[in-house]
Structures are given as C-alpha cells and as structure tokens.
Amino acid sequence: MLEIGAVAPGYPAACPSPTLARVEQEHVAVEEALIARARHGDLDAFNLLVERYQDVVFGLCRRLLGDSPAAEDATQEAFLSAFRAIGGFAGGNFRAWILRIAANQSKDELRRRQRRPVIQTPPQRDDAPPPPDPADDSQDVVGSIEQAELGRQLERALLEIPFEQRQAIVLADIQGYRYEEIAVIASCSLGTVKSRISRGRERLRVILTRDPELSDRFGRLHGREETQQ
Amino acid sequence: MIARLFRRHAHWSESANAYIDGELGPSELARFETHMGQCARCRETVSAARATKALLDAMPVVRAPRSFALTPALLAEPAQPSRTHGRPVALRLAQGVAVLAVVALTAVVTMDMTSGGANSNQTLASPQESVAGSANAAAVPSPAAEASPTSAIDGVAATPPTTVPIVPPPHTGAGAQGYSPSPSPTASPTAVRTVGGESSPAPQARDAAGAQTFGAQGAGGEAKRAASREQPRKANVAAGWYRPAEIALAAAAAVAGIAALVLAVRRRV
C-alpha cells in the first residue's frame, strides 16, 4: 500500500526541492483532514475530495468505457460508493482507492452492456478540439483535428484489448502512474502489472498496425520499416 | 524447449516494457541492458513499446465535463441498481428453488426409507419375481426340467422370500405351491406345467393343468387369482410414486443449483 499522497502522475518519484516537498506534505495533511471529516459524514469535506479527483476518475472511466455518458454515470456512482464506504477506508493512498472503485464501476458497466447490448451512438466528440480561433494559423487547426481523430482511433483500439490490460495501459501510458500504484488500483501484484502492460502494448501494436493511418504513424514513431505487416 | 524459450522471451518482453517506463531496479536494469546489447528481438520490442507509448501519450487529456460533487438528493437515492440489476431476483429464485427441492427430496427419501420398508420390499418384489419368472421360463425348454420336474419346482420354491409379502393366503394343494404371483404371463403357465409335470407347449399345458389343479375351485378361484395378481401390482404402483418424485426433485435441485452457480459466477460476487 502506498503512502497518502503518493507522487502525482508526471512528477518525479522524489521531490528534489524542499519547497515541493513541503507543498506535498501540506497536500497530504489537508487530504487526511478531509478524509477524517468525510468519515464523520461531512459532505462538504468529501466534495472537496471529489473536486480534487474528478478529472482523473472521469478520465479513467472515459478511457475504459469509450463513451462519455457511461463514463459520467460510472464517475458519479464511484463517488457515491466512495462516500458510502469511506468509513471502511483503511488509510493509505486515497487516489488509488477511489480509482479502484471507479475501475470496478466501469467493469460493472461493461458487464451490463454485454448482458443488455445498447444501440451504438455516434462517436463521442468530447475529444474534439474547440472551435478554431481565427487568430490561430491553419497548421495548428489541422494538427489539432488530426490529434482528435487520432485520439478516437486509439480509443477504439484500446477498447479491443481485454479490460485488465486496458486498465493497466491507461493508467501507465495515458495517466502516467507508476507500476506500484497501478498494482494498488488493480488489486494485483507488481508482476501482474508488468505482464498486463507488456501484453496490452503488444496487442495494441498489432491492432494499430492493422489500421493504415495508425500504422503509418506508428511506423514513423517506431523509426523503422515496421509497417510491412 | 521451445516453450521455455518462449517463456524466457516473455520475461524479457516484460523487462523491455518496464525498461521504457523506468520501472527496472538497478540490477534488473544492468542485466536487461546487457541482454539487449545481444538481442535484436528485445531491441525491437523496446522500439515498438516506445512507439505505442508515444502514441497513447499523444491522446488528448480528458477532463470532467461537469462537477460530480454529491448532493443530499443524490445520497437519498437508493444504492445503484445497475450493479445488481436483474440478477439478484433470478439468483435468489434459483437458490430458493434449489433449497426447496433439496428439502423435499430429503423428506421423500426419508419417508421412503423409514415408513416405506414394506413398500420397498414390494417395490423390490417385482424385479425379483420377474427373475424368478425368468428362471421358470428358462426352465421350460430345458431338458433337465423335462426330465426332472422337481428341479423346476425348486426353482419356483426359491421365490417365497421375495414373494411372501405380497402373496395372498396360500391355496392348499399343488396349485398353491405352483402359483407364482408374478405378473409375468410366462410364470403361471410355467408353474402349472412344472407341477403337473407336463412338457407340452404352454397354452395347452396351461389349459390341461388348470383343469387338473384348479378345476375344483372353479370361477371363484380364478377370480381370487386375478385379484391376487392385481394386488402386488397396486402395491408396486403405490410404492412406485416415490421413485419418479425423487427423480423429479433431484433433477429440480440439480437444475436450480446449476442455475444459481452460473448466475453467481457471472455476477462475480
């Protein structure tokens, strides 16, 4: 189990600066106080935790489910479940705990969909870039549209790999978590996380090389003639 | 050999992915870098994993489209029905049916074993009688039976332990000894034939022997015979209801139990 307020995604493992370390300690202390208040039923304190984590929770649900309405439902349910269960929170990494609840909600949602298939809605556009600003040069607009299209293609590819592998890949490659925290979120061993990430990336590579456009991008990134498959 | 090589490379593949994520410890890192220097396949794996990671890293950041802050109204709603939607009713129903079926099955089996001892004997009597009847039937064409009627009588005499509970008050005379309560049509002619020591074909023998042995009893005796033939049948039928009931209950318990198990597994509680 990680300590409370383990290193945020994208941050170095150890804070080299004393100032950053102090900020981190304050962050941890505030979070512990909020958790303690929420345990006594303080909804306002819990909502401060919601504000702090709703982006990462929604981001995980969105990538795991592939569509926004379902991700919104899963996120809301995750926070509701967390508030109801916070009395049983044993301390440690609150973010990992809430993300684990969110991942379980997403998995349940996927299972429900398998039982009762829903009519597919048109692809979600929430990854689409904002309307182009006339001041921007056209190159940037084209770039952001391409980027959004790439995001949708990658999202579809992600949905083709098994849930556990997708969860590990999203947490590691999109949200930037360390393996140790992914193990806590996924309730598995570090070795299992390594295996899931390795297999997930391999499957994803195979899927990406099937799509001509993604294969081209992948080949360019790969830096070699890998697209012959 | 190939499997071992495959496993070994799967391990290196995991190391390659951990390597690009900066998740290898110092000793693992040194070992992998040494290996990678000699293994083109691992270099390829590292390159492909880096490309995949770079593509995923380029995905747009998703932000929450609205606030997910909880309100008292949200908290007042019942716990999410979706997680349990549709399942618990079916699951509980299947479990209930399984429990009821097992209880009913236990009750029927207990009744069968305790109060139904005589019934059990009667139930068993039928196959044994059939065996006896078969033995008699087998004795018909036997040269030994023709040569020595007593051996056939012995064969008939061997039946009393099984037939006693269901045999009506015995007749006096040879006819009574020769009587077999078996519903099998072959039994009576055989018995009559053996007592009478006849070796002629069955129908004629039955008529002749019947005239010899039962002639004095007349139509009343024939009616008694018919009634006594019916009696074991009725007893068997009365006892026999347990068997289909047991089978039906066992089947219901098995089906409901399997359904409950499947539902529980699918629910992954």
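**Figure 1. Helix H6 (residues 163-174) of chain A is largely enclosed by the rest of the structure, because 10 of its 12 residues are buried.** The model shown in this and the following views is predicted. Buried positions of H6(A) include the charged residues Arg166(A) and Asp173(A). Just after H6(A), Gly176(A) has a positive phi of about 75°.

**Figure 2. Packing of helix H2 (residues 43-65) of chain A against helix H4 (residues 94-115) of chain A.** The two axes come within 9 Å and cross at roughly 30°. Angles under 35 degrees count as roughly parallel, and H2(A) and H4(A) are therefore roughly parallel to each other. Their crossing is right-handed. On the H2(A) side, the contact is formed by Tyr53(A), Val56(A), Val57(A), Leu60(A), Cys61(A), Leu64(A) and Leu65(A). H4(A) contributes Arg95(A), Ile98(A), Leu99(A), Ala102(A), Ala103(A), Ser106(A), Glu109(A) and Leu110(A). Sorted by class, this contact contains 12 nonpolar, one polar and two charged residues.

**Figure 3. Packing of H2(A) against helix H3 (residues 68-85) of chain A.** Here the axes come within 8 Å and cross at roughly 140°. Angles over 145 degrees would count as roughly antiparallel; H2(A) and H3(A) are therefore classed as oblique to each other. The crossing of H2(A) and H3(A) is right-handed. From H2(A), the contact draws on Phe46(A), Val50(A), Gln54(A), Val57(A), Phe58(A), Cys61(A), Arg62(A) and Leu65(A). From H3(A), the residues are Ser68(A), Ala70(A), Ala71(A), Ala74(A), Thr75(A), Ala78(A), Phe79(A) and Phe83(A). The class counts for this contact are 12 nonpolar, three polar and one charged. Val57(A), Cys61(A) and Leu65(A) of H2(A) take part in the contact with H4(A) and also in the contact with H3(A).

**Figure 4. The side of chain B that touches chain A.** In this interface, 31 residues of chain B are in contact with 47 residues of chain A. Helix H1 (2-20) and helix H3 (40-57) of chain B each supply at least two residues of that side of chain B. H3(B) gives the largest share, 10 residues. Divided by class, the side of chain B that touches chain A has 17 nonpolar, seven polar and seven charged residues.

**Figure 5. Helix H3(B) and the chain that contains it.** H3(B) has 18 residues and reaches 25 Å from its first C-alpha to its last, close to the 26 Å expected at 1.5 Å a residue. Its buried residues are Cys42(B), Thr45(B), Val46(B), Ala48(B), Ala49(B), Ala51(B), Thr52(B), Lys53(B), Leu55(B) and Leu56(B). The secondary structure of chain B consists of 14 helices and zero strands. Of its 269 residues, 26% count as buried. Among contacts in chain B with a separation of 6 or more, 67% join residues 24 or more positions apart.

Definitions and conventions. Residues are numbered from 1 along each chain as its sequence is written. Chains are lettered from A and ligands numbered from 1 in the order in which they are written. This is a predicted model: local features need pLDDT of at least 70, side-chain atom pairs count only at pLDDT 80 or more; totals for chains, interfaces and linings use all residues. Two residues are in contact if their C-beta atoms, placed from the backbone, lie within 7 Å. Helices (H or I, at least four residues) and strands (E, at least two) are DSSP runs, numbered from the N terminus. The expected span of a helix is 1.5 Å times one less than its number of residues. A residue is buried if 20 or more other C-beta atoms lie within 10 Å of its own, exposed if 12 or fewer, and partly exposed in between; C-beta atoms are placed from the backbone. Axes are lines fitted to C-alpha atoms, for helices over the stretch in contact, and angles run from 0 to 180 degrees between N-to-C directions. Angles under 35 degrees count as roughly parallel, over 145 as roughly antiparallel, 65 to 115 as roughly perpendicular and the rest as oblique. A crossing is left-handed if the near helix is turned anticlockwise from the far one by less than a right angle, and right-handed if clockwise.
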